[in-house]
Amino acid sequence: MSTPSFMHSNQAIAEGAIAAGCRFYAGYPITPSTEIAESLSGRLPEVGGVYIQMEDEIASMAAVIGASLGGLKSATATSGPGFSLMQENLGFAVVGEVPCVIVNVQRVGPSTGLPTKVAQGDVMQARWGTHGDHRIITLYPSSAQEAFDLTVKAFNLAERFRTPVILLSDAVVAGLLEKVDIPDPADLEVVSRARPTVAPEQYRPFDYSSSDIPPLAEFGSGYRFHITGLLHDESGAPTEDSEVVARWWAYMQRKLDDHLDEILDWDEILLDDADTAVVAYGCTARSAEHAVELARERGHRVGLLKLKTIWPFGDAIIDQLADRIDRFVVPELNLGQIRLEVQRVVGGRAKVEGINRADGLQISPEQILDVIAEKALA
Amino acid sequence: MMTVETPEMTTWESLQDVFEIVSRRGPDPIILSSIPYLPGDEHRHTHFPVVLGPPGRVISMAVGLRAALPDTPLLLVTAADSATLGTNHLIHTARRNIGMTVLMLYSDLLETGDIPVDRTGWTSTGYQVEMEQAETPLEWAVALQASLVGRGSLLNPSEFANLIVEAVETPGFSVIGVTGDPTLRTEVMSRRSDWPEYFATYRAWSEGMAPSPPSSIRPVPPAQPRSSTPARIEVRIAGIGGQGVKLAGTVLSEAAALGEGLWATQFGDYGSATRGGPSRVDVVMGSRPISYPAADNSDILIVLSREAAAAHLTHAGPGAACVADEGTVEPGPGGPLIVPITQLAREHAGTPIATGVTSLGCVAALSDAVALSSLKIALPTRIPERSVESNLRAMEAAYKLTADLIRGNQT
């Protein structure tokens, strides 16, 4: 059973957060993400959670980390300027392995840019925005339904892998009002972090000797341990021992790399007999899907690979397509951030072309169709 | 920027002794700091829950911890340097009265090292021993209206622990200077009472809230389009901010989904200014799920301002049905139908904010896809009850005028 409702994607993100068990939100409202804060300011108190408007996005991210350490599933939402401010504490959450969800509804940047206009320019910032090498999970919906579903997934992955998860959206997806099926709570898979079962004095929050993710005790539950941005030993205390640090790096890579089957999410649309694949995500995937429909009517053998997990990048998906696809077309509202990833994986086996704009307008289906049709003329 | 004072190891060791006493008198405190806390061997496996974060930022982490843990003592150990780096956060956290206790290390505990001085005489941000008194930060705390301001001496852990317990139990926000100076004693220096505890107040307020889905979320039946409905109908309504354009799109898309059982999307584009700037809403509806949500090839186009007419009428396809508000275009053969939409809104609803909703009457007259009756179902949840009837009258008037014009054109 489910309850279909009509709502904006931003509202769907708020509802997804509530359904996933989010009970703390700290943020600073910013266009085009504001409806997420607005919705949660009403919804969280209803379910015994806390909504708080902070002084800025630096503090928002800090408060989210604090609440998560206290045991609450926590989130914040922002747009580019605020996302930049969150990078310092986002790095802390990566190193401290603190589960949380950060929503970035993209608009045109850099800086204040075009505040109300759509862009997809923060794809690489989501990957590399905080300093230092690290792994990160980033999901990206293209509809109100996916906004709900992927928000739930974002919380589940954050809790499962003790990591911050970024949910990217954009000004077009955010403002889309459409039908969303909200599943009954009984039908929804909700994951919560593993808690320690050992006695407090035996607890090691960063013990990587087991193959699985070490459990996380919440502060205030009698378990005494360190959370720090400094590289640390298995008790959490700072260390400069290079062997310990090397072990930490190995773990931080394998904790996501070994579980890609749980993380990667994508849709293949009409790709079975295709010689051309459009690779798209977010609002651009909507244009691309329509373009594929129009192109099919005209006899082009074209399909769509819609990415829902952006990071880690789905190398294996592109790799198996590259053996049978002649041409990849990658429309993006940036100057080619994912196109370069596609090119890297394809490695010359097929042609890779971008369609790019960052002027605040969407890529139209016709623009994509023209590129698809070029090959037919050639 | 990143100067972090390092107290003598003995400072942390001494504080650890104080915390042990505090923890015996109540719940385990959580220690927040930016000063590397390296417990000595004897403390290594008994050290407290510690958040060791970026200078200044741990202050805001305390806000989240408090939301999760209403009764746990939160002790921020800082030097004036780290606190000033996060002064914005310190002031806001203080204002929230979350019951955080700040332990501010006096300069006698800091290894400040050599502070670089450039030739202009500006020093680094490091603690300015020559220019500031050791207790200057406590004067800030009094100015911030902290509920308890005091001094704790590491030389008497038991007295110091008592002061921390008193600070923790005092609602609001407390600041205690920490010193190892043998000439200074543990004492309370300033008290203010009557500060409420932020999250207790918040929870009392929120407990009164009844759980209910927000009214803006509307349950809809599964899509059941009529077989005669086209796969895709694109409607664009364009005007200026303040005409209720976006609201019109919301009502239209909901009417399509709720009343007609169609697939529908609404997508708005608006400028930074909410009033007076260009505003546009696209509704795409049809018998199949909608991929691209923009009405670039509008089947129905409504323009409500001169700017919108200039921007959009020229792009309308040959088959498009276009309606222009009176005064936005020069009337002429082959042009759009002209309906005095703003005038109808003023006349019936008494406000130009109803212009967008009024224009939906035109949409219903131009297409079989969404009936006037479906619009009447969708409208009431989106506007104040007192305005429903007058808005419906304006919408009906626009419907009738448009239908009459269409009939006139056909004969």
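I started with the sheet: eight strands, open, with mixed pairing, in the order E10(A)-E3(B)-E2(B)-E4(B)-E5(B)-E8(B)-E7(B)-E9(B). Strands (E, at least two residues) and helices (H or I, at least four) are DSSP runs numbered from the N terminus, and two strands pair if DSSP finds at least two bridges between them. At the edges I found strand E10 (226–228) of chain A and strand E9 (187–191) of chain B, each pairing on one side only.

This is a predicted model: local features need pLDDT of at least 70 and side-chain atom pairs count only at pLDDT 80 or more, while totals for chains, interfaces and linings use all residues. Residues are numbered from 1 along each chain as its sequence is written, and chains are lettered from A and ligands numbered from 1 in the order in which they are written.

I then checked E5 (residues 98–105) and E8 (residues 172–179) of chain B, which pair in the parallel sense over seven bridges. B:Leu103 has B:Ile176 in E8(B) as its bridge partner.

Next I looked up the helix pair. The axes of H3 (residues 57–69) of chain A and H2 (residues 58–68) of chain B come within 6 Å and cross at roughly 40°. Axes are lines fitted to C-alpha atoms, for helices over the stretch in contact, and angles run from 0 to 180 degrees between N-to-C directions. H3(A) and H2(B) are therefore oblique to each other (under 35 degrees is roughly parallel, over 145 roughly antiparallel, 65 to 115 roughly perpendicular, the rest oblique).
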